[in-house]
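Morning, everyone. I have two pieces of packing to go through today, and I will keep it short. Please have a look at the model first.

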Amino acid sequence: MRRSRRLKHWGWGYEDQAPTAAQLREAAAGIRERFGFGGEARAAVPPAEVEVRAPRLRRPEAFGDLFTDEKYERVSRALGKAYRDVVRGHRGEFEHPPDLVALPRDCSEVGTVLSWAEAEGAAVVPFGGGTSVVGGVEARLGDRPVVTMDLRRLDRLVEVDATSLAARIEAGATGPRLEEQLREHGLTMRCFPQSFEYATLGGWIATRAGGHFATRETHVDDLVESVRAVTPRGTWESRRLPGSGAGPSPDRLLLGSEGILGAITDAWVRVRPRPEWKAAATVRFEGFADACEAVREIVQAGLDPANCRLLEAAEAEMTGAGDGSAHLLLLAFESAHHPVDGPLQVALAAAEDHGGRPDAPRVTEPSPPSHSGRNPPSTGRKLKEGLSFRPTNKGGAREGDGSAAESWRGAFLLAPYLRDTFVSCGVLSETFETAITWDRLEEFHAAVMATTRRVVAEVSGAPREGRGAPLVTCRFTHAYPDGVAPYFTVLAPAVRGGEVEQWDEVKAAVSEALLEGGGTITHHHAIGRDHRPWYDRQRPAPFAAALRAAKAELDPAAILNPGVLLDP
């Protein structure tokens with residue numbers, strides 16, 4: 001399969017979005033000046049120079065263009081987008097490439113791929129946008145041949161039920177493709193994860209992805225009405241219902257299944273009219289504990305803000321949302337039906353009760369007869385002048401509000417692009433996330449921050465404080481009445497040539513701290529292969545046995561994504 005515009009074979013975005021050599025040199029200088037660490041820029045190994053093993057499977061010509069063994073197609077689907085993946089791709093190291101890539105166009109061809117692979121003794125790795133940051137799409141299966149099944153040809157909006165506000169959408173639709181088709185009906189799914197540009201609906205469902213809306217319907221779980229998947233032993237499709245008490249839910253088992261039970265081909269999802277009324281404000285706090293209490297009161301009051309994101313002062317400074325002198329709470333409300341400045345005022349009053357200092361609210365109202373909405377940018381940015389990016393409105397970008405929230409939103413959407421540049425310039429740049437209940441938050445946050453700062457400094461050979469020290473920051477991505485999801489970012493000098501081992505050591509220490517503190521190993525990044533050791537300890541043993549039994553019944557030859565969630 002050939003595309004006129006190709007995705008990068010090793011990192012985030014398209015090949016034509018990569019910075020030039022001159023821009024990388026400027027970026028390296030800017031990084032060293034700002035953070036006190038980083039090295040000279042190194043270019044990624046170009047595709048032509050990548051060496052990859054020969055396919056261990058012969059492409060079956062009887063199926064036309066259903067399968068391909070082209071080098072680029074194999075290499076570009078060999079890794080996900082975790083820091084350790086980007087580092088290895090940048091070096092040209094693709095140890096576990098698929099032997100073939102399958103590109104089905106409908107459910108029958110998905111079934112063909114599964115049947116053929118089972119007969120050949122090959123494993124099948126379902127693939128959407130390839131944005132996994134936990135080793136979910138890398139087939140570390142030794143001598144076993146592998147077919148990666150890319151589902152992005154299944155990308156249509158099949159049907160809209162305007163009465164029930166639901167839509168049936170094929171699983172290979174990316175975020176922009178999905179929203180583009182819904183926009184024609186004045187609707188939105190309202191699911192905008194950071195990977196929105198490239199990740200697919202099927203990938204969101206398979207990994208229980210979280211969008212960037214901070215309260216209420218925060219996960220794709222909340223938006224799924226019915227799912228269809230093709231398994232090696234038949235089609236799994238649940239009845240479409242608003243709710244049911246008829247035994248364990250078939251959909252709940254597919255949510256988070258990460259491709260081990262079947263290949264998700266389409267789903268009915270809940271949609272809504274595009275919002276027209278919006279109100280937002282930024283609140284500054286001197287004390288982090290005070291800010292946490294404000295967030296807790298707001299979400300426990302049932303106000304359900306669309307955004308209720310708390311940035312530590314260091315996080316705000318790093319992303320350009322603040323100057324580092326205050327912790328920032330980004331609040332926003334929206335509706336397709338009524339003004340929302342009233343709920344914002346209630347939330348701001350709660351924040352002020354805890355010492356918050358709000359700025360002037362920003363209110364947007366519809367301009368009749370328009371019923372159009374806007375969604376996050378669907379295009380990348382180009383690196384300019386060191387670390388500076390210039391956002392565009394191409395692809396239906398959200399309107400700017402000239403606020404700290406807008407600055408943070410821009411940094412949020414640009415982070416994956418910038419991480420590629422950090423890798424080129426010798427900077428370790430990675431994140432990890434979790435969730436914890438309110439009663440344990442203060443102690444948990446302090447312990448995780450202390451552990452991360454200590455181990456990052458140790459493995460990086462950097463000072464713990466002062467110029468050149470690693471940067472560890474935290475924000476809350478999602479807030480619930482009973483707890484929050486802290487999201488941590490790490491920037492540190494990379495050990496050139498030993499980046500993977502460096503991050504693996506940090507990851508292990510931090511993961512232990514998360515479990516010991518009572519948190520989850522992941523809130524919305526899935527398990528993959530990288531989180532397996534801690535997931536095995538977090539889940540109940542009887543549930544693991546039940547999951548193995550379901551896997552054995554549906555996939556007796558264990559062809560579907562072996563090693564994810566369960567042993568091969």
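I start with a pair of helices. Helices α12 and α13 cross in the right-handed sense. This is a predicted model, so please keep that in mind throughout.

Which residues make the contact? From α12 there are Phe-444, Val-448, Thr-451, Thr-452, Val-455, Val-456, Val-459 and Ser-460. From α13 there are Gln-502, Glu-505, Val-506, Ala-509, Val-510, Ala-513 and Leu-514. By type, the residues of this contact split into 10 nonpolar, four polar and one charged.

Now the sheet. It is open, has five strands, and reads β5-β6-β10-β8-β9, with antiparallel pairing. At the edges sit β5, residues 157-161, and β9, residues 234-237, each of which pairs on one side only. On average, and ignoring direction, neighbouring strands here are turned by 10° against each other.

Strand β8, residues 224-231, pairs with β9 over four bridges, in the antiparallel sense. Within that pairing, Ala-229 has Trp-236 of β9 as its bridge partner.

What packs on this sheet? Helix α4, residues 107-120, does, and it touches β8 and β10, the latter being residues 263-270. The direction of α4 makes about 45° with that of β8.

That is what I have for today.

Notes
Residues are numbered from 1 along each chain as its sequence is written. This is a predicted model: local features need pLDDT of at least 70, side-chain atom pairs count only at pLDDT 80 or more; totals for chains, interfaces and linings use all residues. Side-chain values use heavy atoms; hydrogens and water are left out. A crossing is left-handed if the near helix is turned anticlockwise from the far one by less than a right angle, and right-handed if clockwise. Helices (H or I, at least four residues) and strands (E, at least two) are DSSP runs, numbered from the N terminus. Contact means heavy atoms within 4.5 Å. Ala, Val, Leu, Ile, Met, Phe, Trp, Tyr, Cys and Pro count as nonpolar, Asp, Glu, Lys and Arg as charged, and the others, Gly among them, as polar. Two strands pair if DSSP finds at least two bridges between them. Axes are lines fitted to C-alpha atoms, for helices over the stretch in contact, and angles run from 0 to 180 degrees between N-to-C directions.
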